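Here is a short tour of one protein model, taken feature by feature. Keep the structure open beside the text as you read.

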Amino acid sequence: MTALIPVRCIGRPLAGGLVVPWVSLIHNGHAVFGSLDADRARRAFLQRLCQICSQPLQERSFFIVRPADQQQGYSPEPALHPECQPYTAANCPMLNGTATHYRTRHVLASHPAGRPCTDPSCPCPELTPDEGHAARSGRPADRYEAWMIHTRNYRLVFPPDRPEVPSGISLDVPVLRQRVLRTATLTSEQQHLMDLWHALMNGS
């Protein structure tokens, strides 16, 4: 599914016809969709910038929330403008439901096919802050929601041992709107139980 490029994003680089988010990791000249450039992500958090277009957030902003984020109390990605969020939700495979599972390895693109980096001197592994990748690797995709807040309630969460690097945006704030972007992918066991339930219901 595609969506019109937001006016804010006109002029941003494209890859495969899609806007390259400002916070995306760029490696060997190629955008690594789904991986964050740690420095740009930090700047987006601290300066209240949209992760897609890099422009300052205005009166209202969105952030992406999974159940795990609710448990830890913060969203680990920078916020988005109300105009940039629908475009992202329509085109990101994880948000639009096209991707049913998280990828099994961290991708650092050395060319468009997305093969791992083979340069031992490259500092690229240090550029992405996705510490949860190992825990999610290969697992069924989570439920994703978009939460809208008044940007005046935007508040960052910092880890005790690294007070200069934000962990994310606090979820303990008034929420104006919650929108389900995708439901969780069922595990094989859950799908089996669901199939049995449907069979019972259809046979009754």
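Predicted model: local features only at pLDDT ≥ 70, side-chain atom pairs only at ≥ 80, totals over all residues.

Let's look at how E6 meets its partner. E6 pairs with strand E9 (residues 168-170) over two bridges, in the antiparallel sense. Within this part of the sheet, Tyr 74 is found opposite Ser 170 in E9.

## An aromatic pair

How many aromatic pairs does a search of the whole structure find? The search turns up one. The pair is made by Phe 63 and Trp 147: their ring centres are 6.4 Å apart and their planes meet at 45°, so the pair counts as tilted. Phe 63 belongs to strand E5 (residues 60-65) and Trp 147 to strand E7 (residues 144-150), so the pair ties together parts of the chain that are 84 residues apart in sequence.

Are these two residues, Phe 63 and Trp 147, buried or exposed? Both of them are buried.

## Cysteines without disulfides

A disulfide is a covalent bond between the sulfur atoms of two cysteines. Applying a cut-off of 2.5 Å between the sulfur atoms, the count for this model is zero disulfides. Cys 9 takes part in none, and the nearest cysteine sulfur to it, that of Cys 84, is 4.0 Å away. Cys 9 is also buried, because its relative accessibility is 1%.

With a relative accessibility of 4%, Cys 53 counts as buried.

## A nonpolar surface patch

Turn now to the surface, where Ile 5, Val 7, Ile 10 and Leu 14 make up a nonpolar patch. Together these residues have about 410 Å² of accessible area.

One of the four, Val 7, sits in the segment before strand E1 (14-15). Why does Val 7 count as exposed? Its relative accessible area is 70%, and exposed means over 50%.

Conventions
Residues numbered from 1 in each chain as written. Heavy atoms only, no water. Patch = residues over 30% accessible without salt bridge, like charges linked within 9 Å, V, L, I, M, F, W, Y side chains within 5 Å. Areas by Shrake-Rupley, 256 points an atom, 1.4 Å probe, with all protein chains shown as cover. Salt bridge = Lys/Arg side-chain N within 4 Å of Asp/Glu carboxyl O. Buried < 20%, exposed > 50% of the residue type's maximum accessible area, 1.4 Å probe, protein only. Phe/Tyr/Trp six-rings, centres within 6.5 Å; stacked < 30°, edge-to-face > 60°. Pairing = 2+ DSSP bridges.
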